[in-house]
Amino acid sequence: MNFNKVILGGILADDVSLKYLESGMAIGTGIISVSEEKKDKQGNKIQSTSNFEFTCFGETAIILANNSKKDDRIVIDSKLKQEKWTDKNNKEHVKLKIVASQAFSCKAKNEIEDDGINPGGLPFG
């Protein structure tokens, strides 16, 4: 059995960038910051944060870019995609990309504008 699923919950590190291909397809890119707390040997809390670049397409990209901003809490439902390329010096490179199929707002009810778009944490796309 094969399984490729990544779910990340965190804070948008910046506004989602929205661009369009010549075909009209929307592409959104962003960075989600995910923090975790651990305790050291003395019992002190230590927080570490990891930043993950993600890409989303179509309606998900448009709605996420238009209805979220830096520091918003979101959850992305995604998969990993591996990109391989060879540079001009014939050196091979590999990069893992996170491709989001859905994004969910984690705003508190009092943070949501009643515009009918993404009410109460419904999915973006």
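Which residues of α1 are buried? They are Gly58, Thr60, Ala61, Ile63, Leu64, Ala65 and Asn67. Buried means under 20% relative accessible area, exposed means over 50%, and partly exposed is in between, with a 1.4 Å probe and protein chains only. So α1 is mostly covered, with seven of its 10 residues buried.

Some ground rules before we go on. This is a predicted model: local features need pLDDT of at least 70, side-chain atom pairs count only at pLDDT 80 or more, and totals for chains, interfaces and linings use all residues. Residues are numbered from 1 along each chain as its sequence is written, and side-chain values use heavy atoms, leaving out hydrogens and water.

Next, confidence. pLDDT is the predictor's confidence in each residue, from 0 to 100. The chain averages 87, and 85% of the residues score at least 70. Strand β2, residues 17-20, is highest at a mean of 97. Strand β7, residues 123-124, is lowest at 53. Over residues 114-122 the pLDDT is below 50. That stretch still has 15 contacts in the model beyond near neighbours in sequence; a contact means heavy atoms within 4.5 Å. Where pLDDT is low, the predicted coordinates should not be read in detail.

Now the layout. The chain has one helix and seven strands. Along the sequence the pattern is β-β-β-β-α-β-β-β. Helices (H or I, at least four residues) and strands (E, at least two) are DSSP runs, numbered from the N terminus.

On to pairing. Two strands pair if DSSP finds at least two bridges between them. β3 and β4 run antiparallel, joined by 13 bridges. Within that pair, serine 33 stands opposite asparagine 51 in β4. The hairpin of β3 and β4 has five residues between the strands, and glycine 43 takes a positive phi near 90° there. β4 and β6 run parallel, with three bridges.

What is the bridge partner of cysteine 56 in β6? It is alanine 100. Cysteine 56 counts as buried, because its relative accessibility is 0%. Cysteine 106 is partly exposed, at 33%. A disulfide here is a pair of cysteine sulfur atoms within 2.5 Å. By this rule the count comes to zero.

Let's go inside. A nonpolar core is a set of buried Ala, Val, Leu, Ile, Met, Phe, Trp, Tyr and Cys residues joined through side-chain atoms within 4.5 Å. The largest one has 16 residues, and Phe54 and Ile76 touch the most other members. β1 (6-12), β3 (26-39), β4 (45-57), α1 (58-67), β5 (73-86) and β6 (92-105) each supply at least two residues of this core. Look at isoleucine 76. Leaving aside neighbours within four places in sequence, its contacts are Val6, Ile7, Leu8, Ile32, Phe54, Ile98, Ala100, Gln102 and Ala103. In soluble globular proteins, nonpolar side chains tend to be buried together.

Two loop residues deserve a look. Aspartate 71 sits in the loop between α1 and β5. Its phi is positive, about 80°, although it is not a glycine. Aspartate 71 is exposed, with a relative accessible area of 53%. Asparagine 90 lies in the loop between β5 and β6. Its phi is also positive, about 65°, and it is not a glycine either. At 65% relative accessibility, asparagine 90 counts as exposed.

Last, the whole chain. Buried residues make up 26% of its 125 residues. Of the contacts with a separation of 6 or more, 50% join residues 24 or more positions apart.
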